[in-house]
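Please keep the sequence and the model in view while reading.

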Amino acid sequence: MVMQALYDTLKPRFLLGEFTKQRDDLAFITVEAVRLHALLRHLRDQEGFTHLVLLTAVDWLEDGQFQLTYLLNNRAKRQDVGLRVLIARDNATMESIHDLWAAAATYQRELREMFGIDFPDSPRLHEDFILEGWQDIPPYRRDFDTLKYAQENYRDRPGRETRDPAQHMKQQLYGED
Amino acid sequence: MKEELLKRMVKGPDGVEFEVEPLRDYYCEAGPTVQTPAYTAIIEKLFNWARSESIWILGFGTGCGAIEMRPLMTPRFDAYRYGIQWRPTPRQANLFVISGYLSTKTLKRVIRSYEQMQSPKYVVGLGSCTINGGMYWDSYNTIKRLDDYLPVDLYIAGCMPRPEALLAGFEDLKKLIRAGKAEGANQYAENFEWYKANQKSVIHDWDMPDYNW
């Protein structure tokens with residue numbers, strides 16, 4: 001109920017999209033990319049959501065979109081709110097929020113490397129984060145074929161067998177019939 | 001190549017400008033050499049016995065398997081009673097335990113550390129990840145065969161191997177050393193070009209000297 005009330009008060013002001021209640025103290029709200037920064041500032045300064053828990057991305061390959069999820073926490077009231085932002089997958093660019101939470105710069109660095117999402121003006125954005133000297137497309141994009149990459153780059157040791165786990169357990173437990 | 005490794009002009013405190021080529025000036029260009037037995041067989045045997053009884057492990061946990069080393073070095077399993085101990089620096093260590101999966105980023109640090117260790121030195125691959133990739137067989141970021149990149153003397157299979165398995169493995173390594181069969185450092189020197197080519201094929205941003213320290 002608390003989260004619904006928060007949503008209702010903010011909806012006209014920030015033109016919020018879909019509301020998904022997960023628990024009494026956890027809800028997700030869809031918001032347009034251009035309004036995200038103002039909404040985050042409002043939540044941080046006025047509503048007590050002072051802690052950025054995480055910033056992560058989902059690749060909706062079929063829709064040609066990336067979903068960014070900003071999860072915020074209100075320590076005093078023990079509430080979490082997640083903000084969903086959908087951005088275009090081609091030349092994906094999003095406004096940086098490192099001026100609100102300095103820690104966001106690290107998340108943005110990681111997203112730039114793993115998904116190829118650009119966050120202009122974010123500090124140290126183009127420094128290597130986990131991958132060093134990566135030359136392929138960003139590996140967390142779903143059109144990146146990790147098995148093919150592994151087979152091309154790292155040699156197999158002969159003699160390794162791979163079984164389908166479901167078939168193998170069926171065979172083990174029930175035999176031929 | 002890192003900027004600090006490129007050839008450049010430097011102005012000294014006395015105002016004299018001179019050229020610095022770090023790869024030649026700061027590092028040794030000579031590759032590793034094969035160390036042949038220096039004494040008669042019986043003395044080499046004594047040496048090998050001494051080597052086998054003082055296995056000093058580099059305290060560098062490369063993957064999740066490093067978690068098994070804590071109970072090993074503490075009283076529960078107490079590897080010290082077998083003459084095995086952990087050292088904080090590669091200069092003092094002669095055994096490198098590659099503990100589980102090895103990402104290409106870590107591989108770079110592993111190569112640097114391994115090359116800094118003094119000969120005779122040994123490598124033990126711990127867990128199935130070092131043998132054939134294990135559960136990371138389709139990962140874009142971890143190597144599948146450790147012996148493509150470093151000379152491995154012994155593998156300890158399992159995911160993860162228990163501390164008891166490691167102790168048994170160390171006992172086997174001792175037997176190899178006493179028999180004079182743990183010649184990994186010499187293999188590395190002999191096939192240096194092959195190992196370097198393999199290492200460079202997965203480490204795309206090679207920004208260090210080839211053999212250095």
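Two strands are said to pair if DSSP finds at least two bridges between them. Helices (H or I, at least four residues) and strands (E, at least two) are DSSP runs, numbered from the N terminus. The model is predicted: local features need pLDDT of at least 70, side-chain atom pairs count only at pLDDT 80 or more, and totals for chains, interfaces and linings use all residues. Residues are numbered from 1 along each chain as its sequence is written, and chains are lettered from A and ligands numbered from 1 in the order in which they are written.

**Chain B**

Chain B contains 8 helices and 7 strands, and its C-alpha trace spans about 60 × 50 × 35 Å along the principal axes. A residue is buried if 20 or more other C-beta atoms lie within 10 Å of its own, exposed if 12 or fewer, and partly exposed in between, with C-beta atoms placed from the backbone. Of the 213 residues of chain B, 35% are buried.

Strand β5 (residues 95-99) of chain B is mostly covered, with 5 of its 5 residues buried. Leu95(B), Val97(B) and Ser99(B) point one way from β5(B), while Phe96(B) and Ile98(B) point the other way. In a regular strand the side chains alternate between the two faces of the sheet.

β5(B) runs parallel to strand β6 (residues 122-126) of chain B, and 5 bridges join them. Within β6(B), Val124(B) is the bridge partner of Val97(B). Between β5(B) and β6(B) the chain passes through helix α4 (residues 104-116) of chain B, in a β-α-β crossover that is right-handed (with the strands pointing away from the viewer, the path from the first strand over the helix to the second runs clockwise).

A nonpolar core is a set of buried Ala, Val, Leu, Ile, Met, Phe, Trp, Tyr and Cys residues joined through C-beta atoms within 7 Å. The largest such core has 46 residues, and those with the most contacts inside it are Leu95(B), Phe96(B), Ile98(B) and Val124(B). A second, separate core of 28 residues includes Val31(A), Leu43(A), Ala92(A) and Ile117(A).

**Chain A**

In chain A, 5 strands form an open sheet of mixed pairing, in the order β1-β2-β5-β4-β3. β1 (19-23) and β3 (51-60) of chain A stand at the edges with a single partner strand each, so one side of each has no neighbour in the sheet. Strand β4 (residues 65-74) and strand β5 (residues 79-88) of chain A run antiparallel and are joined by 10 bridges. Tyr70(A) stands opposite Leu83(A) in β5(A).

Gly175(A), with a positive phi near 70 degrees, follows α5(A).

**Backbone features in loops**

| Site | Angle | Loop |
|---|---|---|
| Ser119(B) to Pro120(B), cis | omega near -5 degrees | Pro120(B): between α4 and β6 of chain B |
| Cys159(B) to Met160(B), cis | omega near -15 degrees | Met160(B): between β7 (154-156) and α6 (163-178) of chain B |
| Arg78(A), not a glycine | positive phi of about 55 degrees | between β4 and β5 of chain A |
| Asn91(A), not a glycine | positive phi of about 50 degrees | between β5 and α3 of chain A |

Arg78(A) is exposed, with 9 other C-beta atoms within 10 Å. Asn91(A) also counts as exposed, with 9 C-beta neighbours inside 10 Å.

**The contact between the chains**

Two residues are in contact if their C-beta atoms, placed from the backbone, lie within 7 Å. The contact takes 15 residues from chain A and 14 residues from chain B.
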